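Colleague: Hi, could you walk me through this model? I'd like to start with the overall picture and then look at some details.

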Amino acid sequence: MELISQVLALEPTSQVLGKEPIVPFAILLVVILVVPILFERLRLPGLVGLVFSGVVLGPSGWNLFQTESQTINLLADIGLVYLIFVAGLEVDIEQFQQRKNRSFGFGSFSFCLPLIMGTLVGRIFGFDWMISILIGSLFASHTLLAYPILSRLGVVKNEAVTVTIGAKIFTDIGALLILALCMASASPTGVFNLAKLLTLLGWLIIYSVVVLVGFDWVGKEFFRRSSGEEGNQFLFVLLTVFLAAVGAQLIGVEKIIGAFLAGLAVNEVLGEGPVKEKVVFVGSVLFIPIFFVNLGLLIDLPTFIHSTNNLQLTVLLVFGLIASKFIAASLAKLLYGYNWQEILTMWSLSIPQVGTTLAATLVGYRAELLPVEVFNSVVVVMLVTSTVGPLITSRVAVGLASSTATEPAITNQPEQQAPDTSTAFTIVVPIYNPQTQQYLIELATLLARQANGRIIPLAIATAAANMDAPQLEVSLQRSERLLTKATAQSHALGVTAEPLLRIDDAFAQGISRASREQKASLIVMGWGKRTGLRARLFGNVIDNVLWASHCPVAVTRLVDSPKKIQRILVPVENLMAPTLQPVHFAQLLADANQAQVTVLNVCERRTSSSKIAARRSHLSALVAKLALPNPPEIQIIAHENVAQAILQAARLNDLVVLPFTRNRMSPGGLAISDVTTQLARQLTCSIIMLGEPQRTYPVPLPTGIPSTTSVM
């Protein structure tokens, strides 16, 4: 003990931290866990808090971390590569193809105008042409930081939103290309080398073809041969990213170019599935936040504050960026005829500068192409735009109408692709947790009895290499006991069960395959009393079933018997593109219990009484289209916080039915908290999350009580 005291007394804290790499890593974990939560409570993006933490902990603050730290620099480099890879991975190829001409038009406007504006600002402050053009290119791209807001509001399919999302591929590629050309043109002698530039362009074209075509083919072959092995698929994606980054450095361009191309290459291979979510999740919770903290370490705060020139440069860059993006959106209005609400949404979506901008800025700063004052100014621009952009989007995108041009693509599906509604309503109930089995069977029997359907209790025994293995025999015996108990429970409740025992490689795949084979109309599952991060992910099995299922999935957390449910609350947020499937589901359950359903919509506190009445009338008309035998009650609440309003209303209800909407994660994953996640964490009553399959046409639930069973 005395020896430890002597060491601590002799060596400063910063030296001790420097000698023990595990200590700064532990501090980083605390920062990226706590700080984003605190800043989001202040209605600020979490990434702002991470950069602020870097400033406080770095040379400009407490000096706990040094910019030369090998541990932090390694993790930040991984975060840099991961950040730009996610930017390429999140390019929506399908939406881009739908509106590629208009996406190219708006992408050209939103790229060229900020490029010109940034170049002029650079020249005004005396920078040479190369630095000025590089400054302009930094603001030519945009980050879809407000995508979770659009997803929550249900307006992603609006044409203006689709065009803005598609334009990102042009702006990102253009910005990275200019960065590569500026890096290649820079030479120690300061002489422009045309031969070197042309050689680099040739290698870059060959390299891009190899990555985009070769990695795509290899990825499809690997995923086809390793079906269901998510761990190997995850490692393959990571290997692809870093191989592409190394290849880019071998031909003389920055590694972020390779990372972006790798994201585009595996985009189609991954699709929208659990592997993609896990790839993005790992980067978003660990490496990318460390990258933002490292940015804060590099900011020279005293120099920035005491330099009038720095402040002027920052102000001009902020206003120049916002103005040029607005002009670009206005040109799109003149060319394509969008209304002002759509134009303001496009403008606000194109304002945030996070992913490509920060990656290119750090690369240019490390290569000594960008001076420290430009680096400081760009980081401040990022902080301002990442706050202002989503804030404006949340205001102007409310009530944004769906594009009429995209409606036929959704509604006019071929007849043979629609689900077969002539078969009996079938509910599959996976049983693997004896603690939740009783309530799940009760819920399934209530729904099946109401719809004259059938229930299939399903038990999965995971396969072993040897079919005579003792582990498999034990698993089969346990599954048979669960099925026997479930059959007895359903018989006691007046519904005949058809138990099914299946041997499969994994639980999730077994549930999805068996449900498809049985032509299930609904899957009812439980997730237990999990909180925090586990509640958000619902565990591995449920997460994979939600991704793979062909029919709706009701993920339940039942705190009491479903037979006791008398009041059901169904929050509906966006009235222009509402998700009414939960209303239909709730009414089906309510009819079985003779319960009351309340459909809730939350509007802003300052909404006038006349507008509230109009919203109530509009919502009533939407619900009336479902032709429910017992129409639900409509309730409108004026409140400044949607989640808090729903929590207050839920106190008077036994069950809350929520749509399970999967938010597309922005690069960094540090945008706006999902309302559904907050509710799942804080609600104390029973909850049912109704997840929709990954398709473009709705899956119908039964229309109500058949005439022969209308009286209970």
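Modeller: Happy to. Contact here means heavy atoms within 4.5 Å. Among contacts in the chain between residues at least 6 apart in sequence, 81% join residues at least 24 apart. This is a predicted model, where local features need pLDDT of at least 70, side-chain atom pairs count only at pLDDT 80 or more, and totals for chains, interfaces and linings use all residues. Residues are numbered from 1 along each chain as its sequence is written, and side-chain values use heavy atoms, with hydrogens and water left out.

Colleague: Thanks! How many helices and strands does the chain have?

Modeller: There are 29 helices and 10 strands. Both are DSSP runs numbered from the N terminus: helices are H or I with at least four residues, strands are E with at least two.

Colleague: And what percentage of the residues is buried?

Modeller: Of the 712 residues in the chain, 54% are buried. Buried means under 20% relative accessible area, exposed over 50%, and partly exposed in between (1.4 Å probe, protein chains only).

Colleague: Which residues have the most contacts inside the largest nonpolar core?

Modeller: F85 and F292, in a core of 99 residues. Helix α14 (residues 274-298) gives the largest share of this core, 12 residues. A second, separate core has 50 residues, including L446, A592, L619 and L655. By nonpolar core I mean a set of buried Ala, Val, Leu, Ile, Met, Phe, Trp, Tyr and Cys residues joined through side-chain atoms within 4.5 Å.

Colleague: What does F85 touch?

Modeller: Leaving out residues up to four places away in sequence, F85 touches V237, V241, A259, A262, G263, V266 and V279.

Colleague: Switching topic, which residues are buried in helix α28?

Modeller: In α28 (residues 642-650), they are A643, A645, I646, L647, A649 and A650. N641 caps the N-terminal end of α28, with a side-chain oxygen 3.1 Å from the backbone nitrogen of A643.

Colleague: Now the backbone. Where is E368, and what is its phi?

Modeller: E368 sits in the loop between α18 (355-366) and α19 (372-396). Its phi is near 65 degrees, a positive value in a residue other than glycine. Most residues other than glycine have a negative phi.

Colleague: Why does E368 count as exposed?

Modeller: Because its relative accessibility is 72%.

Colleague: And what about Q594?

Modeller: Q594 also has a positive phi, near 55 degrees, and lies in the loop between α26 (581-593) and β7 (596-603). Q594 counts as exposed because its relative accessibility is 60%.

Colleague: Great, thanks for the tour!

Note on methods. Polar contact = N/O pair within 3.5 Å; in protein donor to acceptor, adjacent residues only side chain to side chain.
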